[in-house]
Amino acid sequence: TGIQFSGNIANATVLGPSSGTQVVFNGTTAGINASASVNANLTFQNLDVSSTYGTGTGLHVSGVNIEIANVVADGRSDGVRASSTTNLDIRRLQARSAALRGLFLEAPSAPLFLEELTLEDCATGLSISNFGPPTTPERFAITRSVAGSVGTIASLADSDTGIQLSNVRDI
């Protein structure tokens, strides 16, 4: 594991450079594991959590107010896995060649914002399980980029299953 968050983590940012080469976390089990449900206000930006081993999870997160932006998670079992999250914001995620899922949203709570996802050549591009009904008026938000040129799903090319929904209501 490249970075392991243990216990109650709040107000933390893992930030790579804004341009050029991204910071790489190539751990065999996980690139970054921040899966404690008590996490709050975490940001992961400009990172590469890909694997040359083809195993593990690139980025595993749980908690409240989680932001993921400009992350590459290629060649993993799961590119990005978000478990039991509330107010999850994922923008510009690339997860290609995932053995299981490019992006796995497990029991997310609204609001949930997804934008510009490139989930290509995965067994399943996007998997959402155990979602709904929301407890607030906000729902699973399908957003578009500011320019309007790329929507929530930029590409699901060559994925065996593009989108898988399991135990999902009211989206």
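Visitor: Is S129 buried or exposed?

Guide: S129 is buried, with a relative accessible area of 9%; buried means under 20% relative accessible area, exposed over 50%, and partly exposed in between, with a 1.4 Å probe and protein chains only. This is a predicted model, in which local features need pLDDT of at least 70 and side-chain atom pairs count only at pLDDT 80 or more, while totals for chains, interfaces and linings use all residues. Residues are numbered from 1 along each chain as its sequence is written, and side-chain values use heavy atoms, with hydrogens and water left out.

S129 belongs to strand β10; strands (E, at least two residues) and helices (H or I, at least four) are DSSP runs numbered from the N terminus. Not counting residues up to four places away in sequence, S129 touches F104, L105, E106, A107, P108, S166, N167 and V168, where contact means heavy atoms within 4.5 Å.

T124 is also in strand β10. T124 is buried, at 10% relative accessible area. With neighbours within four places in sequence left aside, the contacts of T124 are L100, R101, G102, T161, G162 and Q164.

L105 is among the residues with the most contacts inside the largest nonpolar core, along with I32, F44, I68, I90 and L103. That core has 32 residues; a nonpolar core is a set of buried Ala, Val, Leu, Ile, Met, Phe, Trp, Tyr and Cys residues joined through side-chain atoms within 4.5 Å. Elements giving two or more residues to this core include β8 (101–106) and β10 (124–131). I68, beyond its neighbours within four places in sequence, is in contact with F44, L59, V61, V80, L88, D89, I90 and R91.

E106 forms a salt bridge with R81, the closest N and O atoms being 2.9 Å apart; a salt bridge is a side-chain nitrogen of Lys or Arg within 4 Å of a carboxyl oxygen of Asp or Glu. Because E106 lies in strand β8 and R81 in strand β7, the pair ties together parts that are 25 residues apart in sequence. E106 is partly exposed at 24% relative accessibility, and R81 is partly exposed at 21%.

The structure holds 5 salt bridges. Another joins the side chains of D89 and R91 (2.6 Å, N to O). D89 is buried, at 17%, whereas R91 is partly exposed, at 26%.
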